Amino acid sequence: MLIKQSMKDSSILEKLHCYHCGNDCEEEYLGPDEKVFCCNGCREVYSVLSQSGLGSYYAFNQHPGATKDKISPRFEYLNEPTITKDLIDYTDDKFTIVTFYIPAIHCSSCIWLLENLNRLEPAIYYSRVDFLRKQVNIRFDNKLSSLYKVVGLLDKIGYEPLISLQDVIKKQTSGKKDKLIKKIAVAGFCFGNVMLLSFPEYLGISKYEQTFRQFFGFLNLAFCLPIVLYCGTDYFRSAWANLKNRVLNIDFPLALGIAVLFLRTAFEVLTQNGSGFADTCCGLVFFLLIGKLVQRKTYYHLSFERDYRSFFPVAVQVTDEKGIEHAVPLAEIKVGQRILIRNNEIIPADAILLQGEAKVDFSFVTGESVPVNKVLGEVVYAGGRQTGEAIELEVVKPVSQSYLTRLWNNEAFSRTSENRTKTFSEKVSKYFTIGLLLVAFGSLFFWLPTDFHRALAAFTSVLIIACPCALALSTPFTMSAALSILDKNQFYLKNTAVVEQLAHIDTIVFDKTGTITVAGADKITFNGQVTEYQKQLLYSTCANSAHPLSRLICQYWEGTTRLGTRSYSEIPGKGISAAIDNHQIDIGSRLFIKGGFIAQAAADATEVYLQIDHQFIGHFSIRQQYREGLEIIKDLSFRYNIFLLSGDHGHERDALSGIFNPDLMFFERSPQDKLDFIKNLQARGRKVMMIGDGLNDAGALKQSDLGIAITDNVNNFSPGSDAILDGSALSRLPQFFKFSKNALSVIYCSFGISLIYNVVGLSFAVSGRLSPLIAAILMPLSTVTIISFTSIATHVAAKRRRL
Amino acid sequence: MSIIYFLIGCSVLLALLFLGAFFWAQKSGQNDDLYTPSVRILLDDEPVDEEKK
């Protein structure tokens, strides 16, 4: 009791943390049982859970919840069967099975609570969480509950499912099951048995047991059949496809190796000439498939292919002629329909504003973070997010024809990644294959005049021994080790080839809003003193302007009475002037305001000076919330060309010039401009990396050689990209660059090692006297060397880079 | 020594059985989620509420 009391005291002395989500409590919401919460949402979740006897949710982990300090979207559309039929896995007249993606799943308490849903809602028979995929599979009784109720319940306890159009679409396209694991299982089974059956051959079989040799030989051959006909088919297919395209890639010598191994084994066993190379054949395919598996890393919780669809809602509220609201799926929205958009909802189609005060945040589309006011009758483009009261709009273009959708479907945006640089192994394998064929045919023609059998033996031996197994494995093993190291550092790459792209980058382009600044977190402070009347004068002046700084000031003084303006003028890049009630008001930059005392400007803030009747009143200083660790950009600029491309106005030019070269900053760039800018750089032979965050960067991210989406929460929306970087890891960017170069050197080294093995093996092979035992030792030995070398070297490199 | 034929037959049959079992496990989705069960097993049915002590 005593201990508990003192614990309570200390927790009060420290900052108060919300009992539910663990956030700092700025305002205290006292809940039942003397618990403190950060917001009403968290308190409600707690009371729901504690009343249902699910309080042990809080016993497994401290602060297990996710904050509920935001308004949940409305789920009424889930009552429309046309919409829900795509969301549901299975339904009949009794029960329904549905799988939700819930980004909030993050700890064991989440699993416990979500799997005990039926204590809250008896209609739920079954619920099962897949933690890594952040999914929950729910089966419920149709008669007692509905999808709408289930989603409402999940939302009520703080686990709002993410339902987006893309989920609906993804479900329809998925279903292709992957066979790699099965192939590995078969290959492992054959490899193990063949090794066992090959032992007697290597240890020696006595004369009177010769029948066993035959028996083992046939068994080995039988085990080779599934290896070649089932496990190795991908290599033959890929080699054939590449040959047709006149490309020599690494699959060609591999396929050749497998084929020759099998044919020679079959020949030797059937003619009872020897034991063949069954174990080498099986081992080769087995290791190759393992290499394929390692290379294929999946991030269940990340999506690199998100596009505007995952950003749009599934359905929109539509009011018909009689004024009745109902939800309509996005695809069925027609021109002329009236749609209702509430606070924080996205406008899905180009529409005319009919009713309400529209303050639309277009940050995703343009990068401009300050909400734009729209007047009645004005066209609002799709992709904006309404902030404030509910508005009514009339659709003027269907979703598929809207500005944003068209932009997205623009050809430049849907460019396939063909012009990526070839990976090292792709470049090398061409020469390797040519060299290999030269040696093989050379030894064939060398022996042909003297000994036909030996010539054939030498030819096949060369193809067997030089089969680039180690070479084929060096890249996947190095890259997958690198990938998992970067993954630990909150840098998630789409696939292993991206590591190599990263090493070749020489130009970096940054987006501003959301990338180097934290969107929507501007800190505005007012220095000076104003009377209420002066405040009204200044507010009314700013209210006329669409400049983001004016908007920030208006936000700061929100609720002030607006006075009628007699005259108003705006000088771009300088400031605004207005005449109100015989007063002359000037608001603008330091140079614009000449009279009176002017305070020294701070280096890292944008300042706005205020003047009434040529009398200096005070100034606003607006400090952008920059991401931590931006100094790295300066360090990088010694070795890389760094550009800043922003959709924003240039009012932060001065504040940013400490970080970027002022000549390399570009403002007011549309999404298309950004894309063209990257294209221009590439035309000059640059390898460009683009770092951006919003839909407005999506085209540039795709066009660039390496597009990185930066995000504060990896589960949030991020545009399609090659890699996703957590905002907190931005400062490690130089280390990532160095590390990727190290990884590349590891590949070069392992390539050298595998070449040495090949040369040693070839010296046996060209003479035509390759024994199966040597092949059986050399192949796994080189494989093991490469695997251990690459993984150790990569981890050592990571340690050196402090990753 | 001809018992070897029988023994090898048995061993291959057994191995095939295991391979089949693996295929079945894979098909029935037992390997789909390799993480959650490791957490789930640590959750007691009704943990002792520390607050009530």
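Q: What should I know about numbering and cut-offs before I start?
A: Residues are numbered from 1 along each chain as its sequence is written, while chains are lettered from A and ligands numbered from 1 in the order in which they are written. The model is predicted, so local features need pLDDT of at least 70 and side-chain atom pairs count only at pLDDT 80 or more, whereas totals for chains, interfaces and linings use all residues.

Q: Which confidence values come with the complex?
A: The predictor gives an ipTM of 0.86 and a pTM of 0.78. There is also pLDDT, the predictor's confidence in each residue, from 0 to 100. Chain B averages 82, and 83% of its residues score at least 70.

Q: How many helices and strands does chain A have?
A: Helices (H or I, at least four residues) and strands (E, at least two) are DSSP runs, numbered from the N terminus. Chain A has 27 helices and 28 strands.

Q: Which residues of H19(A) are buried?
A: A residue is buried if 20 or more other C-beta atoms lie within 10 Å of its own, exposed if 12 or fewer, and partly exposed in between; C-beta atoms are placed from the backbone. In chain A, 43% of the 803 residues are buried. In H19(A), these are Ala497(A), Val498(A), Val499(A), Glu500(A), Gln501(A), Leu502(A) and Ala503(A). Helix H19 (residues 497–504) is largely enclosed by the rest of the structure, because seven of its eight residues are buried.

Q: What covers the buried residues of H19(A)?
A: Think in contacts: two residues are in contact if their C-beta atoms, placed from the backbone, lie within 7 Å. The cover includes helix H16 (424–447), helix H18 (469–488) and helix H26 (733–765) of chain A. Strands S16 (491–493), S27 (706–711) and S28 (723–726) of chain A are also part of it.

Q: How do I read the faces of strand S9 of chain A?
A: In a regular strand the side chains alternate between the two faces of the sheet. S9 (residues 338–341) of chain A has Ile339(A) and Ile341(A) on its covered face. Arg338(A) and Leu340(A) are on the uncovered one.

Q: Which strands are joined to S9(A) by bridges?
A: Two strands pair if DSSP finds at least two bridges between them. Strand S7 (residues 315–319) of chain A runs antiparallel to S9(A), with three bridges. There, Gln317(A) has Leu340(A) as its bridge partner. Strand S15 (residues 391–395) of chain A is also antiparallel to S9(A), with four bridges. Ile339(A) is partnered by Leu393(A).

Q: What is the strand order in the open sheet of six strands?
A: Strands of a sheet pair through backbone hydrogen bonds, either parallel or antiparallel. Here the order is S18-S23-S22-S21-S20-S19 (chain A), with antiparallel pairing. Strands S18 (523–528) and S19 (567–571) of chain A each have a single partner strand, so one side of each is left without a neighbour in the sheet.

Q: How many residues does each chain give to the contact between chains A and B?
A: Chain B gives 19 residues and chain A gives 18. On the side of chain B, helix H1 (3–27) and helix H2 (36–40) each give two or more. H1(B) has the largest share, seven residues. By class, the chain B side has twelve nonpolar, two polar and five charged residues. Ala, Val, Leu, Ile, Met, Phe, Trp, Tyr, Cys and Pro count as nonpolar, Asp, Glu, Lys and Arg as charged, and the others, Gly among them, as polar.
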